[in-house]
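Have the viewer open and try each task before reading its solution.

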Amino acid sequence: MSISNFRQELREIEGVSRVAELADGVLLIDGSETLLVVYGESYRTDHHSDDRLEVIEEEFDAADYLLISIEGAVLLLEGTINNFDVSYLPAHLGGVELDGIQSAVSSLITGTLERERLQMDYLSEDERYSVMELLEQVLAANLTTYYTPREVASLVANWVTAGDRTSVLDAACGSGELLTAAIDAIDEPTYSMGVDQNGLACAITETRVRERGITDWQIRTDNFFSILDEVSTDPQRSLDQYPSSDEERNPLPETGFDCVVAHPPEGRSPGKSEDRNNSNMRSHSRIEHQFVNAACQLLADSGRGCFVLPSHAVRNLRERVLPDGVVLKRLVKLPEITFPIVGVEPVIACVERTSGESEIGILNVTSFDNLDRVCGAVHSIAAAKTVDNVNAVSVHSDISTTTLRTLLDAPGAAPFFTGNLPTLEDVTERIARGMTTGHNQGFYFDEEQCADSGIDDRFFTPVIKSVPEENPITSEHIDYYLFDLREFIEENNLDARNIDEVLTALEPIDAKAAEHVEEKIAPVVRERHGLNGVLPRSISITNPDLVTGATTSEVTWYQIEVDADEVLYDNRVVGISCKETPSPDAIQTLLNTPLYQRLNKAQLPNFDADYVQVQTQPLRHLPVFIKQLSKETLDRLNALSPYGSQESRETARTIILEGVDSAYRPAISETYDSVSPLSTLTGYETQIEQLQAALDQIAEIDDRDTHLVDEEMISRLEETFRSAELFTSRERLVAELLAVYSEGRYWSFMGGTASQFEGMLQDYVESTGGRVDERETEEGNTRLEYRYRDADWKPLRLKVLLDDFFSGELLEVMQSVREQRNEIAHGRLLEDPELNADIILLSFFVFTYALLTEYNEYLGAEDASR
């Protein structure tokens with residue numbers, strides 16, 4: 001609803017006589033009741049908040065009510081500016097759009113508004129006696145202070161309360177959605193506790209918990225971490241000693257809580273804060289990790305915890321955050337629209353205090369449809385197979401965190417990472433970062449410095465410090481030379497740290513080299529005892545076959561063709577030494593495919609928004625299917641490199657899926673989907689729009705400056721028909737047709753191309769398990785028919801084929817193309833043959849990549865077979 005419509009709807013409410021805007025997002029409604037209504041999102045910016053507060057302060061006493069929509073709740077205030085009551089509207093938890101505010105106003109004026117008065121004891125003294133103090137806090141509150149969507153709360157409560165459980169703690173309760181959902185899910189709850197620093201949020205929670213009729217409960221406006229400071233260092237055994245400020249309330253459960261939940265705030269903890277005096281907070285730099293660690297310390301034996309977190313919080317969760325004895329049991333990725341305002345990818349981390357290792361269930365929930373069945377899938381990963389909006393897999397708990405995060409996007413890719421594919425380390429000799437000298441000034445020389453130094457060339461080894469963006473790397477790319485005494489030290493059996501011994505041996509052989517050691521290297525070595533004397537600190541790899549930059553926007557691998565016995569690399573370079581088989585050519589071809597470039601983006605640590613940091617450990621563990629790819633397949637991939645277009649990347653996907661064993665295709669396809677999803681023609685909107693416009697206005701198009709096709713489009717088609725196995729039988733024919741088009745022989749091009757649409761669909765049917773046969777009709781005639789999967793036989797006609805394999809806007813466009821093609825095939829041509837040819841070629845281009853997308857999906861399906 002627009003703002004203008006919102007105001008008009010308010011004016012039409014019976015009993016409203018006037019609606020006036022007093023400030024940005026503040027309305028005054030006059031009628032049977034006088035209301036101040038505060039709405040909108042501009043309160044997130046300070047320069048609007050001051051204006052609003054001034055207006056509210058001026059008008060509050062004169063109004064009967066103040067209705068304010070905040071992030072997570074709708075509040076109703078009544079009274080005077082220093083003596084007032086606050087209620088929340090149960091029907092509007094989570095905040096509302098403008099139509100919801102309109103409904104609340106209407107209900108208030110007609111006397112039908114449901115509201116719950118809040119206990120003011122949870123507010124600070126300033127907030128209790130000053131509307132302005134309260135509103136300043138309200139308008140500054142974070143979204144998660146107040147509300148977690150009910151679907152998320154249901155998922156959390158369903159898992160965390162399973163079994164015989166009676167007590168629950170919410171470590172960041174906000175308005176109580178998680179806490180009340182957990183209470184409702186427990187058969188006989190005996191104790192509940194909610195903690196939050198926001199008094200207003202606690203007041204809402206208190207009202208909601210009180211309605212549940214639990215005998216023992218506490219809602220505390222407090223810093224949750226202070227609870228850990230007030231109990232002993234073994235909270236599982238001494239929670240009964242926790243001091244309660246209210247004598248009427250029971251102490252905490254003696255053995256800990258059966259259930260712990262939280263949707264904590266997120267972000268980095270401030271560097272200096274009184275709160276960080278707590279030992280727990282000093283241990284973890286991220287606030288959400290502090291909450292998870294502290295809350296898990298209060299879990300009873302076999303107790304369960306559930307935490308709503310941003311996806312990046314998965315990092316270090318198992319290794320550093322969860323206390324001993326608490327293990328991760330489930331990771332559930334929620335739909336991205338769950339928190340649209342916050343803009344994070346949310347996950348639920350489910351943990352349990354238990355002994356022994358266990359598997360981790362990973363679930364990707366794409367929507368909250370069939371919520372009961374989604375909850376069931378969280379309990380039983382096997383049950384997820386029957387739930388359309390859940391993809392799930394179970395993996396061993398020792399899986400790496402980077403892989404865990406990748407599988408959250410595509411659980412079906414688990415066999416790729418956890419199956420029997422060899423790793424890059426298995427198929428190569430060595431993977432390592434370049435050398436570290438520890439003292440650059442003493443070791444590195446440029447070419448001119450080498451010549452001027454007078455030191456013998458035998459003591460210099462060429463060094464490449466950075467990887468150039470060209471292939472291969474040759475002697476021209478040598479940046480520096482290393483002052484290198486390794487061979488000399490070894491031949492003379494010297495101690496590299498004994499400078500005097502080295503100088504005595506070196507002086508008679510090369511006085512200039514000895515002078516350099518004494519003047520440049522010795523002072524640093526004597527000052528810093530950790531160095532390796534006159535040698536570099538480490539040389540992990542020499543003469544690698546492939547290298548890439550250690551920090552790079554795209555992890556591209558380059559071959560080495562340097563004319564030298566030995567070449568070294570700086571630690572800004574990562575190198576691979578290959579075995580005889582697979583060859584460096586083969587490894588390079590695979591690692592430079594779009595799939596592995598995107599895998600590197602997903603698997604290797606982010607350096608910043610544009611770069612990844614190539615660390616050798618994740619690289620070593622990267623699964624590779626190099627042994628399954630034939631030389632022919634690798635050659636076809638090489639012909640597409642460097643994959644500069646969407647078409648070449650889609651074609652590369654087809655070549656890989658065609659080249660690997662069918663048993664691996666589903667996992668590789670799922671992996672592709674997680675790191676480099678199919679385009680599903682999202683990259684062809686321009687071409688589809690152009691084609692539709694050309695077809696709709698075909699008689700009026702006479703502007704030859706409007707180019708429907710170009711040489712690059714022709715080049716991409718040639719590349720695809722040359723590379724993708726589905727199309728290779730038509731490679732020569734299509735190449736000749738494109739050549740005919742380029743020569744301007746448009747009539748011949750159109751005649752030859754018109755029949756390719758049916759032909760390519762026939763190829764697709766036969767390549768994907770369908771049949772094409774000549775069959776007799778009821779009239780006794782014969783015609784070509786096809787049968788796809790278990791469907792009935794159908795005539796092999798373009799209209800029927802298009803209806804079978806395409807849908808939506810693309811189907812509409814392709815059916816229009818078919819009609820135009822039929823016109824051309826029957827000789828009913830436009831006056832401009834070039835325009836006819838352009839429309840057919842553009843149609844053929846879009847059709848080709850639509851069919852390639854369908855084929856890629858087929859190859860990745862579980863029942864794909866050759």
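This is a predicted model: local features need pLDDT of at least 70, side-chain atom pairs count only at pLDDT 80 or more; totals for chains, interfaces and linings use all residues.

**Exercise 1.** Describe the chain as a whole: how many helices and strands does it have, and what share of its residues is buried?

*Solution.* Start with the secondary structure: the chain has 37 helices and 30 strands. Next, turn to burial, where the cut-off is under 20% relative accessible area. Of the 866 residues, 56% are buried.

**Exercise 2.** Find the largest pocket and work out which helix gives the most to its lining.

*Solution.* Begin at the centre, where Arg-315, Thr-401, Thr-402, Arg-405 and Ala-602 lie nearest among 49 lining residues. The space there comes to about 1,500 Å³. Now check the elements: α14, α16, α17, α25, α26 and α29 each supply at least two lining residues. Of these, α16 gives the most, with seven residues. By class, the lining splits into 22 polar, 14 nonpolar and 13 charged residues.

**Exercise 3.** Which residues lie nearest the centre of the second largest pocket?

*Solution.* Look for Glu-554, Val-555, Thr-556, Asn-592 and Gln-597, which lie nearest the centre of this pocket with its 42 lining residues. Both strands and helices give two or more residues to the lining, including β22 (546-549), β24 (558-561) and α28 (646-659). Its volume is about 860 Å³. Sorting the lining by class gives 18 polar, 15 nonpolar and nine charged residues.

Key
Residues are numbered from 1 along each chain as its sequence is written. Side-chain values use heavy atoms; hydrogens and water are left out. On a 1 Å grid over the protein atoms alone, a cavity is a set of points where a 1.4 Å probe fits but cannot get out, and a pocket is an open set with protein on both sides within 12 Å along at least five of seven lines; lining residues have an atom within 4 Å of a point. Grid points are joined across faces, edges and corners, and a volume is the space filled by probe spheres set on the points. Helices (H or I, at least four residues) and strands (E, at least two) are DSSP runs, numbered from the N terminus. Ala, Val, Leu, Ile, Met, Phe, Trp, Tyr, Cys and Pro count as nonpolar, Asp, Glu, Lys and Arg as charged, and the others, Gly among them, as polar. Buried means under 20% relative accessible area, exposed over 50%, partly exposed in between (1.4 Å probe, protein chains only).
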